[in-house]
Amino acid sequence: MKKYRLLLLLLPLLASSCGINNTMYNARKYFKAGQERALNANGRPSSQAVQDYTKAIQKCGIILSNKKITRKTDDALFLMARALYYKGNSAFQAKDQFEALIRGFPDSPFYGEAHIYLAKVYRDINQKEEAQNLLEQFLLKGDQAKLHPRALLTLAEFDIADMDYTQAQFWLEKIITGYPKAREYRDAYLLFGKNYYVQEDYESALREFDKITQSRLIPKPLRLEALYYAALNQYHLGSYDRSWRNVQKLLNDEVRPERISEIRVLQSRLLIARGEFEDGIAEIGDISTSYPRTQSSAEAQYYLGEYYFRQAHDLDQASTAYTRVRSEFPGSELAEQAQKKTTAITQLKANTGLDPETKLQEFVDYHVSAAENYLSVFALPDSALTMYQRVIDSRDTLQVRYDTLGGQLAAWQFAADSLSARIDSLPEPEISESVEQPEILETEVEPPADSSAVADTLDLAETEQSEPAIPDSLAIPEIKVE
């Protein structure tokens, strides 16, 4: 009887435990499904993956709603925090859950990993200094030595993103020299090569990537990524045929959409580099159609702009392609540079054909601005020198013109001086003393004797005005007719 009562008391506990275990099992299942789904072309989780992560979060929430802390509590908390992180749109919620785990469960087996995830979340919400400090303090924890290579690799990734390549190399070397048996050792080699690539040391980068591609101990996804970077470095070194062969191998072996689109961008660049312009342009058009509004479509438009500007010399088409970079993917790393090039092209197209003789200042301002654009925006020093040379040549032309006008002015001045001297040498005119000026005599006019005389005088004057007398010199002789 007592055993029966004890069994009745244990049944609810057993049922509760089974329920928790079943819920946790389902949460892990949904999380794993989300992890296994490929990212879309812009590197973000697909809608199906987001649904899987959401279901995992809901299952974990059921467990965490129980106020009583069990051995599953920290497990559910860590799983929920990671699901929020990978979901891609819940960074602040993920931050709260990772911080709760670190603060409330210092003895949890997930305590160390929570620090690394939390540092990544800090970066996502633009708290870079907090992320750096968190991981540097974590490296001082001796009881977390197994996770130190992972923390070092994360710090290197942060520094590469910030273009602090020297510091990134420091962290990577610590992994390579201090943790040769760690899983992160292989990832460190990949980042080591990328570090050389972003610094445009293509030969050193290619050497590092070749080491990875030739090792059978490296996982296939990592070898494929290394092969892509090997092809990219071969492209920059001008080894187009070798790069082309690696690209074709990648297109056959790769299955991840975001990686395929990236490989196709490199393929379009190779086509243009090999002189197959129409095929290269067609490939870029297909990329924009197949992967619209993605990082890859933005990159494709950028390199299309490069072709039109540098090879086809079509400023209008180049400007159109550069403008599409931001509209395709505003977050593209190339968006800002494309915008600068669009602005530069607008300035290059303005005020062309200026005459230095009539608009000297505008002519000089345009060519100096064009030279700065060619040098700083397009990295074309030869074109910049051409612009400066035009200003110098215009100075020489204007100097010749100035000297010519100066010679003409001097000739005109000489002629004017000669005329002036001849005028000054002419004799003064003589005035004859025999010529007397007529003397004007003042006469007195006597008034008429009576008013009738005045009237007669007026009548006579009117008669003379109505019938003027013909001068003698114009008198016509009278002709008599017999």
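This is a predicted model: local features need pLDDT of at least 70, side-chain atom pairs count only at pLDDT 80 or more; totals for chains, interfaces and linings use all residues.
**View 1. Helix 7 meets helix 9.** Helix 7 covers residues 148-161 and helix 9 covers residues 184-198; their axes come within 10 Å and cross at roughly 15°. That angle makes helix 7 roughly parallel to helix 9, because anything under 35 degrees counts that way. As for handedness, the crossing is left-handed. On the helix 7 side, look for Pro149, Arg150, Leu153, Ala156, Glu157 and Ile160, while helix 9 brings Glu184, Asp187, Ala188, Leu191 and Asn195 to the contact. Sort these residues by type and you get 6 nonpolar, 1 polar and 4 charged.

**View 2. Tyr53 and Tyr86, a stacked pair.** The structure holds 23 aromatic pairs, and here's one of them. The ring centres of Tyr53 and Tyr86 sit 6.3 Å apart with the planes at 25°, so we call the pair stacked. Tyr53 belongs to helix 2 (residues 47-64) and Tyr86 to helix 3 (residues 73-87), so the pair ties together parts that are 33 residues apart in sequence. Tyr53 is buried, at 3% relative accessibility, whereas Tyr86 is partly exposed, at 26%.

**View 3. Phe98 and Tyr117, another stacked pair.** This time the rings are 5.4 Å centre to centre, with 5° between the planes. Phe98 comes from helix 4 (residues 91-104) and Tyr117 from helix 5 (residues 111-124), so the pair links parts that are 19 residues apart in sequence. Both Phe98 and Tyr117 are buried.

Conventions. Residues are numbered from 1 along each chain as its sequence is written. Side-chain values use heavy atoms; hydrogens and water are left out. Axes are lines fitted to C-alpha atoms, for helices over the stretch in contact, and angles run from 0 to 180 degrees between N-to-C directions. Helices (H or I, at least four residues) and strands (E, at least two) are DSSP runs, numbered from the N terminus. Angles under 35 degrees count as roughly parallel, over 145 as roughly antiparallel, 65 to 115 as roughly perpendicular and the rest as oblique. A crossing is left-handed if the near helix is turned anticlockwise from the far one by less than a right angle, and right-handed if clockwise. Contact means heavy atoms within 4.5 Å. Ala, Val, Leu, Ile, Met, Phe, Trp, Tyr, Cys and Pro count as nonpolar, Asp, Glu, Lys and Arg as charged, and the others, Gly among them, as polar. Rings of Phe, Tyr and Trp (its six-membered ring) pair if their centres lie within 6.5 Å; planes under 30 degrees apart count as stacked, over 60 as edge-to-face and the rest as tilted. Buried means under 20% relative accessible area, exposed over 50%, partly exposed in between (1.4 Å probe, protein chains only).
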